[in-house]
Amino acid sequence: MYRNLFRALGLCLVVLLPLDAQAQSSDIRLSVKQLKDTSESVVLARTVKTESFWNDDRSAILTRVTLQVEESLSGSAAGETVVIVPGGQIGPYIHEVSDMPEFVTGEDAVVFLERHSSGLTVVNGGARGKLEVKTDAVSRAREVVGGAALFDQLEASETDASEADTHVEGPVRSAKSLSLDEFKRRLLQR
């Protein structure tokens, strides 16, 4: 019983793959423009499958995420795109990597994608590179959860804080979400 616990804890102490180092080195304070510009594409997609697997030397767990792309908001992506995310779970072994997004089968999201030097597609910007999209059951209106916060927080470095207050009006300033249409409009302005 304790043997499995020690093995799982040992995974936490493993030196992470170069993939992890590249992903973790992304500056979390990138402006939306920088995040968009350093991404190969920005997509609206549904997670259709997740599968965790060991890396070649069994020192870390990675998760293969299959996305069904509904729309490319910037750049281009295949209709079905596979993204590799550091971390995951195989049986009792859990490998958690801070600042990495989690994907849940069936969820919709806006995802900033980049091509890693290994040739694999990864999420650009860590956890900030994936924003959940929710659909209202009655109106069918879609909103990007955290969309307003992404623009408000990451753009603080682009303008003086007092100027930022004059550019963003009313409920958008206090809301954490943006309508999908408003998110697209603001993304395309960058």
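**Briefing: strands, pocket and ring contacts**

Five of the seven residues of β3 are buried, so β3 is largely enclosed by the rest of the structure. Buried means under 20% relative accessible area, exposed over 50%, and partly exposed in between, with a 1.4 Å probe and protein chains only. Strands (E, at least two residues) and helices (H or I, at least four) are DSSP runs, numbered from the N terminus.

This is a predicted model: local features need pLDDT of at least 70, side-chain atom pairs count only at pLDDT 80 or more, and totals for chains, interfaces and linings use all residues. Residues are numbered from 1 along each chain as its sequence is written, and side-chain values use heavy atoms, with hydrogens and water left out.

**Strand pairing**

- Two strands pair if DSSP finds at least two bridges between them.
- β2 and β3 run antiparallel and are joined by seven bridges. Leu67 stands opposite Thr81 in β3.
- β6 (residues 108-115) pairs with β8 (residues 130-135) in the antiparallel sense, over four bridges. Here Ala109 stands opposite Glu132 of β8.
- β8 also pairs with β9 (residues 142-144), again antiparallel, over three bridges. Thr135 has Arg142 in β9 as its bridge partner.
- Six residues lie between the strands in the hairpin of β8 and β9, and Arg140 in this hairpin takes a positive phi near 65 degrees.
- In a regular strand the side chains alternate between the two faces of the sheet.

**Largest pocket**

- The largest pocket holds about 330 Å³ of space.
- A pocket is found on a 1 Å grid over the protein atoms alone: it is an open set of points where a 1.4 Å probe fits, with protein on both sides within 12 Å along at least five of seven lines. Lining residues have an atom within 4 Å of a point.
- Grid points are joined across faces, edges and corners, and the volume is the space filled by probe spheres set on the points.
- The lining has 18 residues; Pro86, Gly87, Gly88, Pro101 and Glu102 are the closest to the pocket centre.
- β2 (61-75), β3 (80-86), β4 (88-90) and β5 (93-95) each supply at least two lining residues.
- Nine lining residues are nonpolar, seven polar and two charged. Ala, Val, Leu, Ile, Met, Phe, Trp, Tyr, Cys and Pro count as nonpolar, Asp, Glu, Lys and Arg as charged, and the others, Gly among them, as polar.

**Charges over rings**

- Arg64 lies over the face of Phe53, 4.3 Å from the ring centre.
- Lys130 lies over the face of Phe103, 5.1 Å from the ring centre.
- The criterion is NZ of Lys or CZ of Arg within 6 Å of the ring centre and within 35 degrees of the ring normal.

**Selected residues**

- Leu178 is found in β10 (residues 178-179). Leu178 is buried, at 3% relative accessible area. Its C-alpha is separated by 9.6 Å from that of Val133, 45 residues apart along the chain.
- Leu180 belongs to helix α7 (residues 180-188). Leu180 is buried too, at 6%. The C-alpha atoms of Leu180 and Val144 are separated by 5.6 Å, with the two residues 36 apart along the chain.
- Glu51 lies in β1 (residues 41-54). At 36% relative accessibility, Glu51 is partly exposed. Glu51 and Leu62 are 8.4 Å apart, C-alpha to C-alpha, and eleven residues apart in sequence.
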